[in-house]
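My notes follow in the order I looked things up.

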Amino acid sequence: MGILEVKNVNKRFGGLQALGDVNLSVNERTVHAIIGPNGAGKSTLLNCLIGKLIPDTGSVMFDGQLVLGLKPYEINQMGISRVFQTPEIFGDLTVLENMMIPIFAKRDGSFRLHAFESTLNEGEIIDQAMVLLESLGMADKRTMQSASLSRGDKRRLEIGMCLAQEPRLLLLDEPTAGMARADTNNTIDLLKQIKDERDITITIIEHDMHVVFSLAERITVLAQGSPLVEDTPDNIKGHPKVREAYLGESA
Amino acid sequence: MLGLNKQDTSLFLIVVAMTVLAPFFLNPFPSESSLALFNAGYPDLMQRFVIFGIFAIGFNILFGLTGYLSFGHAAFLGVGSYAAVWIFKLFTYNVIPAIVFSVIVAGAFALFIGYISLRRSGIYFSILTLAFAQMSFALAYSVLSNPNFNLTNGETGLQVYGDDLQIFHRENLPDFPHLFGLSMRANYELEIGSWLFNFSAGYYICAIIMIAAFYLAVRIFRSPFGTMLRAVKSNQTRMYYTGLNARPYTLAAFVVSGMYAGLAGGLMAAVDPLAGAERMQWTASGEVVLMTILGGTGTLIGPILGAGFIKYFENIFSKINDTILHGWFAFLPEGLENLMVAIVHPFIGKGWHLTLGILFMLVIIFLPGGLVEGGQRILNLLRRRNGQKSDADKSAQSTPAE
């Protein structure tokens with residue numbers, strides 16, 4: 001029984017069957033990659049996991065609990081964090097404030113009316129945020145407005161914000177899309193470090209095979225909305241069905 | 001001091017000094033001089049400065065922090081006024097219960113309107129609030145004013161009559177809103193040379209309340225709650241996927257700002273015990289939007305400056321008439337004098353809105369951050385002149401929204 005269990009999930013957009021009978025089981029403390037050609041339904045699947053989309057049929061269980069129909073913030077509070085394809089951070093806020101918000105969310109839940117306390121008196125939260133920024137190598141940027149960070153730093157910050165919540169499952173949607181090689185390698189190193197240091201399960205959607213094969217312990221190949229194969233990276237590399245899905249039948 | 005950091009404390013002290021000393025510096029011209037026209041230090045106008053200051057401070061908590069642009073805040077102002085006048089009519093002319101009741105009623109009303117309007121964001125939210133405010137206006141203007149059930153007294157406006165109940169009214173108390181016997185109309189005139197300064201009880205009571213309201217706003221801005229509200233404005237997607245529910249945050253901000261508007265409405269009734277439906281009209285809602293933007297959205301002091309700016313021009317420009325203009329241009333040859341008067345004429349008196357519109361456009365185009373940005377630019381310029389470039393760099397790096 002994995003930490004994440006997807007059973008018979010179907011999702012239709014009009015005439016398009018985006019997901020057809022998807023079954024997926026992610027084991028705890030593994031890095032599980034979901035790959036597949038464009039339009040295979042990877043992002044749709046991810047959106048079904050975090051409550052952005054509701055599948056037409058099927059079920060999604062996280063740690064034995066049904067997440068279907070819950071609001072995104074409720075799913076997040078259960079311990080699932082998501083990193084987006086384009087970094088979603090609080091651009092108008094400083095780097096430190098960005099890092100403090102998820103820590104508040106972890107401490108105070110989805111809403112608390114702490115209108116008469118001073119942020120400056122939240123020493124514990126500031127300390128925790130600083131420790132995380134330190135570990136990301138961004139401590140010196142704490143007073144910068146986060147919108148002015150480089151693409152790579154925005155991604156680091158977003159991953160850091162997700163980690164600040166100490167999630168049990170971290171979902172990454174093409175975390176290195178549109179990045180320069182150096183930034184991509186930095187992100188891979190960061191994710192490896194996270195995997196080694198933390199008690200965390202990572203599910204990653206990725207196009208870049210370099211990233212996938214550097215990180216993944218288990219790979220599911222999705223094609224036309226259905227899982228094609230699931231295996232270890234070594235076995236996936238030479239799998240004929242995978243080649244076919246990516247390169248067409250003639251290859 | 002008072003749980004504020006150094007920068008905020010000095011800002012707070014500036015606001016305190018500004019409001020306490022307003023009777024002096026708003027009356028810079030001797031009362032007999034031709035420039036006395038530009039004096040703003042009379043009780044009626046000073047009261048309006050601080051009351052609209054409160055209104056704008058509250059509006060800024062919603063608009064400045066969360067970015068939700070409400071076009072219906074005048075509804076809460078009007079509801080606050082009606083609530084206060086009802087307390088005057090039924091119980092007592094003492095302003096404390098009236099103001100407390102105004103805030104409560106406006107808060108409850110804001111909870112209702114906010115709960116529905118906040119289901120949408122952006123332009124749809126603005127339209128919903130506008131619709132609610134116009135419905136409130138229609139209710140106050142006609143529906144809730146019929147012989148069987150007269151809550152608002154329609155066109156005439158709600159006011160206190162001699163045969164009203166006023167259970168707690170006593171003979172020795174003033175027949176006007178008062179604070180434990182001190183009439184809101186009480187005024188002390190101080191004559192120094194050819195200057196005349198007015199110290200009005202009504203003004204100072206309103207000013208103290210505005211200072212308290214400002215202090216509260218600073219605390220909210222600097223609280224974790226304030227950070228969350230800015231997070232709502234910045235990125236709601238990230239907010240939801242960080243385990244935070246933006247709805248109760250925005251609703252809380254909406255209710256708080258509605259209560260500020262109710263407070264302002266209650267004070268308006270306290271200085272002049274009359275509540276009319278026109279106070280709820282969309283133009284009044286638009287005015288507070290202008291005040292906030294003109295002063296500097298999301299800044300602490302901006303809304304107060306914007307409110308003062310607009311109310312000053314409204315009162316001063318609308319007072320200028322052609323006779324005064326002829327006086328100003330009398331030194332010119334007659335033909336030229338008439339021409340100048342004809343050119344300036346559309347911008348004064350009833351045309352003051354035209355002046356305001358032009359000023360608003362100039363500010364938005366050249367100072368998108370409002371008057372506060374103008375002030376900051378001047379400060380930076382002065383600092384650079386003094387060779388303290390490092391200071392300017394430091395302030396540019398520090399957190400925004402001061």
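**Ground rules.** I count two strands as paired if DSSP finds at least two bridges between them. Helices (H or I, at least four residues) and strands (E, at least two) are DSSP runs, numbered from the N terminus. The model is predicted, so I use local features only at pLDDT of at least 70 and side-chain atom pairs only at pLDDT 80 or more, while totals for chains, interfaces and linings use all residues. Residues are numbered from 1 along each chain as its sequence is written, with chains lettered from A and ligands numbered from 1 in the order in which they are written.

Entry 1: I started with strand 9 (residues 218-223) and strand 10 (residues 226-231) of chain A. They run antiparallel and are joined by five bridges. A:Thr220 faces A:Glu230 of strand 10. Two residues lie between the strands. A:Gln224 has a positive phi near 50° in this hairpin.

Entry 2: A:Leu4 sits opposite A:Val26, and A:Lys11 sits opposite A:Leu19.

Entry 3: Which order do the four strands of the open sheet in chain A take? I read 2-1-4-5, with antiparallel pairing. Strand 2 (16-26) and strand 5 (65-66) of chain A each have a single partner strand, so one side of each lacks a neighbour in the sheet. I then checked what lies across the sheet strands. Helix 1 (residues 42-49) of chain A lies across strand 1, strand 2 and strand 4 (57-62) of chain A. The helix runs at about 65° to strand 2. For such angles, axes are lines fitted to C-alpha atoms, for helices over the stretch in contact, and values run from 0 to 180 degrees between N-to-C directions.

**Entry 4: chain A overall.** I logged nine helices and 10 strands. The C-alpha trace spans about 60 × 40 × 35 Å along its principal axes. The radius of gyration, taken over C-alpha atoms, is compared with a globule rule of 2.2 Å times the number of residues to the power 0.38. For 251 residues a compact globule would be near 18 Å, and chain A agrees at 19 Å. Buried residues make up 45% of chain A. Buried means 20 or more other C-beta atoms within 10 Å of the residue's own, exposed 12 or fewer, partly exposed in between, with C-beta atoms placed from the backbone.

**Entry 5: where the chains meet.** Two residues are in contact if their C-beta atoms, placed from the backbone, lie within 7 Å. The contact takes 32 residues from chain A and 27 residues from chain B. On the chain A side, helix 2 (72-78) and helix 3 (95-108) each supply at least two residues. Helix 3 of chain A gives the largest share, five residues. The chain A side divides into 16 nonpolar, 10 polar and six charged residues. Here Ala, Val, Leu, Ile, Met, Phe, Trp, Tyr, Cys and Pro count as nonpolar, Asp, Glu, Lys and Arg as charged, and the others, Gly among them, as polar.

**Entry 6: chain B overall.** I logged 17 helices and six strands. The C-alpha atoms fill a box of roughly 65 × 60 × 45 Å along the principal axes. Among contacts between residues at least 6 apart in sequence, 74% join residues at least 24 apart.

**Entry 7: helix 3 of chain B.** Its axis comes within 9 Å of that of helix 11 (residues 282-295) of chain B, crossing at roughly 75°. That makes the two helices of chain B roughly perpendicular; the class covers 65 to 115 degrees, with under 35 roughly parallel, over 145 roughly antiparallel and the rest oblique. The contact includes B:Phe52, B:Phe55 and B:Phe59 of helix 3 and B:Val288 and B:Met291 of helix 11. Its residues divide into seven nonpolar, four polar and no charged.

**Entry 8: B:Leu65.** I ended on this residue of helix 3 (residues 43-66) of chain B. Is B:Leu65 buried or exposed? B:Leu65 is buried, because 28 other C-beta atoms lie within 10 Å. Not counting residues up to four places away in sequence, B:Leu65 touches several residues, including B:Leu229, B:Ala253 and B:Gly298. B:Thr299 is 234 residues from B:Leu65 in sequence but 9.1 Å away in space, C-alpha to C-alpha.
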